[in-house]
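Welcome, and thanks for taking a look at this chain with us. Please have the sequence and the model open while you read.

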Amino acid sequence: MSDIQSASPDSINPAKRAKSRRILAPVLIPALLALLGFVGFPFHLHSMSHESTDDAYLESHMVNISPRVADHMATVRVKDNSLVKTGQVLTTLDPRDYQVELDVAMARLESVKASVTEAKAAVSAARNVIDEKWRAWNRNRPAWSRHR
């Protein structure tokens, strides 16, 4: 028998053993982390969207709905947990608040229209006064020019 075959594992040179560990550690640790990531990440994604119990399996596609405006609903046109289609009307809003705002806006519009009409009348009156003064000045101009 040769010396290599008769040597026990404990009698292998400790320097060689440490060198093999230094070479294997940088290779094995990233490989184990990569394997854990490839297996763990899909499992994590699956567990975020699926709920499981000891007795049953449940899969759900739920979407939160939030309004663009804060208002009271007049009617709800769908039942709980029913399927809806894109563009389907789910609820109608109470129009009373909007009707009040519309009435106020229309009253303001009429007020502004009346103010514009009044301003146009004032401009027309001012133009008439200017035209009157201009005609009077032109009529009296020859008399003024003689007195010079």
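## A residue to start with

Is D94 buried or exposed? D94 is buried, with a relative accessible area of 13%; buried here means under 20% relative accessible area, exposed over 50%, and partly exposed in between (1.4 Å probe, protein chains only). D94 sits in the loop between β4 and α3 (96-146). The side chains of D94 and R96 are joined by a polar contact of 2.6 Å, a polar contact being a pair of N or O atoms within 3.5 Å, where within protein one must be able to donate a hydrogen and the other to accept it, and residues adjacent in sequence count only if both atoms are side-chain atoms.

## About the model

This is a predicted model, in which local features need pLDDT of at least 70 and side-chain atom pairs count only at pLDDT 80 or more, while totals for chains, interfaces and linings use all residues. Residues are numbered from 1 along each chain as its sequence is written, and side-chain values use heavy atoms, with hydrogens and water left out.

## Overall layout

The chain holds three helices and four strands, in the order α-α-β-β-β-β-α from the N terminus. Helices (H or I, at least four residues) and strands (E, at least two) are DSSP runs, numbered from the N terminus. Of the 148 residues in the chain, buried residues make up 1%.

## The loop between β3 and β4

Two residues are worth a visit here. N81 lies in the loop between β3 and β4 and has a positive phi of about 60°, although it is not a glycine. N81 counts as exposed, at 84% relative accessibility.

S82 is found in that loop too, between β3 and β4 (91-93). With a relative accessible area of 37%, S82 is partly exposed, and its side chain reaches the backbone oxygen of K79 at 2.8 Å.

## A nonpolar patch

V69, M73, V76, L93 and Y98 make a nonpolar surface patch of about 450 Å². Accessible areas come from the Shrake-Rupley method with a 1.4 Å probe, and for residues only the protein chains shown count as cover. V76, one of the patch residues, lies in strand β3 (residues 73-76) and is exposed, with a relative accessible area of 54%.

How values were computed:
Patch = residues over 30% accessible without salt bridge, like charges linked within 9 Å, V, L, I, M, F, W, Y side chains within 5 Å. Salt bridge = Lys/Arg side-chain N within 4 Å of Asp/Glu carboxyl O.
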